[in-house]
Amino acid sequence: MKRLLSVLGVLGLTLLVLTGCHPSTQSATKSDNKGVMLHNQNVTIVQQTPPDTVDISKVTSFSKLRSSTEGLFRQGKNGHLVAGLASKTQVSHNSTIYDFTIRQNARWSNGQPITAQDFVYSWKRTIAKSTHSVNANLFAGIKNATAIRRGQLPASKLGVTAVSAHHLRVTLDHPIAYFKTLLAYPLFAPQSKTEVQRYGTRYGKRASTQLYSGPFKLVKWRSNCKTRVLAPNPYYWDKRHVYLHRLTITTATSLKTDLKNYRAGKLDEVQLFDNQITENKNQPDYLVRPFSSMRFISYNFKTTNKTADQLINNQDARLAISHAINRKTLINNALKNASLAPKGLVTAGLSKNVKTKADFADQQAAQSTVKGNTALAKKEWQQAQQTLHLSHYSLTLTVANDWASKRVATNIKHQLETKLNHFDVKIRTVRTSTANRLALNGQYQLLLSSWGADYPDPLSFLQIMTANSRFNYGSWQNKAYNNLIIKISNNPTGNQLNRWQEMLDAEKLLMTNQAVTPLYQQADSYLSNPKLNGVVYNISGVVADYKSAYLVK
């Protein structure tokens, strides 16, 4: 799933068949399990924002790159790992050294071999301080990665080595329970040094200025173009399980037009918004897909406004804000979609206990702190007022200029001002790029923010609130929490039950302090044609994988 760093609204996918385009000369072929394939295997995915690069070291979202990019593993159904470019994996006794065998038939889209050195080059390029990758933090735990990211060591010191052409060795600072799952993320795919050096600043800016390791290759695209066209990679090691003839990714038009086209049979899938959900939720082709993306209020604990700083740093005030918000009212009245009320910061469906199979979200111990409780909110607010003795109680909520963010902000303002005496919430609406810049620079009081899990482990959420995290925008500081996260990160993989409890302890500490205030877990609604099969949807990481997608009669 794509990682939402701060302020994006509800995004989605729409699918359509391009009839009459690139006709197939093949006869009808039986699919893996669900019917007979159509002759025409052309699918278009509609997404909201066109990328300006497909360079994996520099992109901010990978949701659009899974089809053309593959690393050592892929993420299969229900988050389970499936084979990628690694044919074999060996792990040392202490779980700190991983040896991967790269497939002999691993090939770039130009037919050249993919080697272990391509992985070494890619990882070192991404983590180099000069690259300014926004995702470099995900290398944490690989030997020397943190020091390299901080500029204390050169990228050449990263714990990754090409022992031979097909033998990749990775050395960790400490065991990482989710390490192999993390490697399914496109960030850890190989890159061709020859292509990077050949094209320089043009690398990844056009379809022709990059090579592709995945099941598809780009055949038509340039930076910020509204449409990308992908065709099967003829040298892909598992090409016999790639069925589409064309995969087109285009920028969405209007919601009304998309729904109209779906009903006319021109689209295979359309995302629903607002009243469209209510009007269609009883249709047989209606479905809901939850994601591991949590929307929350971020507090700036170091805001330069003295009055706001006092209010934000008062724990009773933060708890009062959380208890004053009825999440179901927020979802039903502002979003009008299928989003889920939170049980804590970690989303439902992300991770299960290895022994009991219990969902981490269900076991979060401070669930009461994220439920509406007007009486308790008023009591906590009164306690905060008695402590602070301020002349006025006002905070500014910064939000991105999209429909979801604006509606959520307006609803929150109404709920807080209605339930908390003498409290004024001012809404500051800015462009998404501006909101991201303000977040990174800590230039806000309250921020409507969000985070999506890159891998199916609670630590994906918990680690963002540590003192050294670049995503701890509000500079929340808690020594006990930092120590817990360090302990969790260093916990051997064989000690899963202890690690699980430590993560629950950390999440409880986070919520009892209301370091952030969770609002809702994103879940999107669709009308979907059952003729489209084989797409793998996941709740975390890259949410949709079209490697083995196909259309049936």
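**Labels and their cut-offs**

Mentor: There are 6 cavities of 30 Å³ or more in the structure. This is a predicted model, in which local features need pLDDT of at least 70 and side-chain atom pairs count only at pLDDT 80 or more, while totals for chains, interfaces and linings use all residues. Residues are numbered from 1 along each chain as its sequence is written, and side-chain values use heavy atoms, with hydrogens and water left out.

Trainee: What makes a space a cavity?
Mentor: On a 1 Å grid over the protein atoms alone, a cavity is a set of points where a 1.4 Å probe fits but cannot get out. Grid points are joined across faces, edges and corners, and the volume is the space filled by probe spheres set on the points. The largest cavity comes to about 80 Å³.

Trainee: Which residues line the largest cavity nearest its centre?
Mentor: Its lining has 15 residues, and Ile56, Pro190, Gln191, Gln210 and Leu211 lie nearest the centre. A lining residue has an atom within 4 Å of a point. By class the lining has 8 nonpolar, 6 polar and 1 charged residues. Ala, Val, Leu, Ile, Met, Phe, Trp, Tyr, Cys and Pro count as nonpolar, Asp, Glu, Lys and Arg as charged, and the others, Gly among them, as polar.

Trainee: Why is His132 called exposed?
Mentor: Exposed means over 50% relative accessible area, buried under 20%, and partly exposed in between (1.4 Å probe, protein chains only). His132 has 64%, so the label is exposed.

Trainee: How do you know that the buried residues of H5 line one face?
Mentor: Helix H5 covers residues 255-263, and its buried residues are Asp258, Leu259 and Tyr262. Seen down the axis of H5, they fall within an arc of 95°, so they line one face of the helix. The arc is that of the directions from the helix axis to the C-beta atoms. Helices (H or I, at least four residues) and strands (E, at least two) are DSSP runs, numbered from the N terminus. The face of H5 turned away from the buried side carries the exposed residues Lys256 and Lys260.

Trainee: What makes S13 largely enclosed?
Mentor: In strand S13 (residues 286-299), 11 of the 14 residues are buried, so the rest of the structure largely encloses S13.

Trainee: How do you know that S13 and S17 pair?
Mentor: Two strands pair if DSSP finds at least two bridges between them. S13 and strand S17 (residues 516-528) have 10 bridges in the antiparallel sense, so they pair. Leu287 stands opposite Tyr526 in S17. S13 also pairs with strand S16 (residues 446-452), in the antiparallel sense over 7 bridges. There, the bridge partner of Tyr299 is Leu446 in S16.

Trainee: What makes S5 and S7 edge strands?
Mentor: An open sheet of 4 strands runs in the order S5-S6-S8-S7, with antiparallel pairing. Strand S5 (86-91) and strand S7 (160-164) each pair on one side only. S5 and S6 pair over 5 bridges, and Thr89 has Phe100 in S6 as its bridge partner.

Technical notes:
On a 1 Å grid over the protein atoms alone, a cavity is a set of points where a 1.4 Å probe fits but cannot get out, and a pocket is an open set with protein on both sides within 12 Å along at least five of seven lines; lining residues have an atom within 4 Å of a point.
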